[in-house]
Amino acid sequence: MRKPPEDKLVYGTPGTGRRPPARPEPAGGGRDAALDGIRGLAALGVWLLHVGGNTGVIYRDGMFAWMTTRLGIAVPIFFLLSGLLLFRPWAKTFIEGGPAPSTPRYLWRRLLRVFPAYWLVTALALWAWSSLDGYGWATWMLMLQNYTSQGQAPDGLYQMWTMPIELAFYLALPILAWLLGLWARGGNRPVRLLGGIAVLPVISIATVVAAHVWDQPQLALWLPHHLIYFAAGMAMAVLSVWIKESRAVDSLAPQLLVLAVLLYAMLSTELAGPRTLSLPSMSQSLWRMILETAVAVLVVAPFALAPRTGALRHRVLGNPVSAYLGRISYSVFLWHAPVITLYYKVTGAEPFNGNFWPVAAFTLIGTLLVSAGSYHLVEESALRLSGRRRAPAPPPAAEAGAPAAPAR
């Protein structure tokens, strides 16, 4: 869409009194191929959503159009993965003991993970298609666009509204972890951690209410509105350290994934708000937030809490193709909108006039090619500066074309 509307405590397996076996290390130098696969599919969902928005397909009648519109579910999945992967080292420290992550090192790695590729894409798009002054350039290059009133995003950058939210979480996480660590010292640490994390969704719900009561839709572009998704990932991180693996989740994995599909179908109705850029009602915003959280949890939990790599679901999502797509997914997120914009600029085609398949074919090939180059030339170079030899999980940077702002 052109306009984005320190005591060392070890807890055993419950009921056994024994410490569970060590959690198996993911293949690939600490990466989890299945989680990479989820991230890769989510990135494709972002691309498909914006192709559908630019061609007008999502505004047609029928369930397919509605379900395509709700591919913005990629954002909650990305945010959940951030909470899971980034909070897990702190959760391990609080539950099992050991040194806490170094905050300066953590922040240095996060900034190097996010900014180099972001700067490249943003600078090229602003140079090619915008007439912003120096203040406008600085706003976008520093990821401050969600905190200023600029109207429509520049061409090729309408997907970037989630980046300031992601960055805000990166900056807030050490503070949240410190507070949760203090709170957890008072008793059963995993339970207290989960209780502390449960405050974050309440903040998100309160933000939705405040946005509607005081008519402040821009609150949907700030971190508090999205804390519920990050909190779901943080809670999953605590569980993954505490229980190591859940046999119940493993045995119920197929049912959980089917339930995720059913809830996604429910999400793809007016219960969760309109497809247009018009603002949803308060109840629609709350339903959408609850359903998105549930779907994201149901999709990720069978892989994060039951990492049995031999299971069919792991073989499907953890295959080399989908895992590689997950590794380059940050670049896919960054580049797909400029590629779509370039298609319309070069061909002179009118948006919202259909032509879904030509647009999809050209932009998918172009996005994958330029994203692979960007990953290997820019992202991996930045990662070497951060001291990592392999890429950590790409910053669940962001969604996709949800309306620009709106109190969902």
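# Ring pairs and helix packing

In this predicted model, ring pairs link Phe79, Phe169 and Phe230 into a cluster.

Me: How many aromatic pairs does the count come to, with ring centres within 6.5 Å taken as the limit?
Reply: A pair of aromatic rings is described by the distance of the centres and the angle of the planes. Taking rings of Phe, Tyr and Trp whose centres lie within 6.5 Å as paired, the count comes to 10 aromatic pairs.

Me: Are the rings of phenylalanine 79 and phenylalanine 230 stacked or edge-to-face?
Reply: The centres of the rings of phenylalanine 79 and phenylalanine 230 are 4.6 Å apart, and their planes stand at 20°. Planes under 30 degrees apart count as stacked, so the pair formed by phenylalanine 79 and phenylalanine 230 is stacked.

Me: How many residues apart in sequence are the parts that phenylalanine 79 and phenylalanine 230 tie together?
Reply: Phenylalanine 79 belongs to helix H3 (residues 74–96), whereas phenylalanine 230 belongs to helix H9 (residues 223–242). The relative accessibility of phenylalanine 79 is 0%, which counts as buried, and phenylalanine 230 is likewise buried, with a relative accessible area of 0%. The pair therefore ties together parts of the chain whose separation in sequence is 151 residues.

Me: Are the rings of phenylalanine 87 and phenylalanine 94 stacked or tilted?
Reply: Both phenylalanine 87 and phenylalanine 94 are buried. Their ring centres are 6.5 Å apart and their planes are at 55°.

Me: Is H6 roughly parallel or oblique to H7?
Reply: Helix H6 (residues 163–184) packs against helix H7 (residues 189–197) with the axes 8 Å apart and at an angle of about 135°. That angle makes the arrangement of H6 relative to H7 oblique.

Me: How many charged residues are in the contact of H1 with H15?
Reply: Helix H1 (residues 33–55) and helix H15 (residues 356–386) pack with their axes 10 Å apart at an angle of about 140°, and H1 and H15 are therefore oblique to each other. Leu44, Trp47, Leu48, Val51, Gly52 and Thr55 in H1 meet Phe356, Val359, Ala360, Thr363 and Leu364 in H15. By class, these residues divide into 8 nonpolar, 3 polar and no charged.

Me: Is H4 roughly parallel or roughly antiparallel to H5?
Reply: The axes of helix H4 (residues 103–129) and helix H5 (residues 134–141) come within 10 Å and cross at roughly 150°. Because angles over 145 degrees count as roughly antiparallel, H4 is placed relative to H5 as roughly antiparallel.

Technical notes. Residues numbered from 1 in each chain as written. Predicted model: local features only at pLDDT ≥ 70, side-chain atom pairs only at ≥ 80, totals over all residues. Heavy atoms only, no water. Axes fitted to C-alpha atoms, helices over the stretch in contact; angles between N-to-C directions. Helix = DSSP H or I, 4+ residues; strand = E, 2+ residues; numbered from the N terminus. Parallel < 35°, antiparallel > 145°, perpendicular 65-115°, else oblique. Phe/Tyr/Trp six-rings, centres within 6.5 Å; stacked < 30°, edge-to-face > 60°. Buried < 20%, exposed > 50% of the residue type's maximum accessible area, 1.4 Å probe, protein only. Contact = heavy atoms within 4.5 Å. Nonpolar A, V, L, I, M, F, W, Y, C, P; charged D, E, K, R; others polar.
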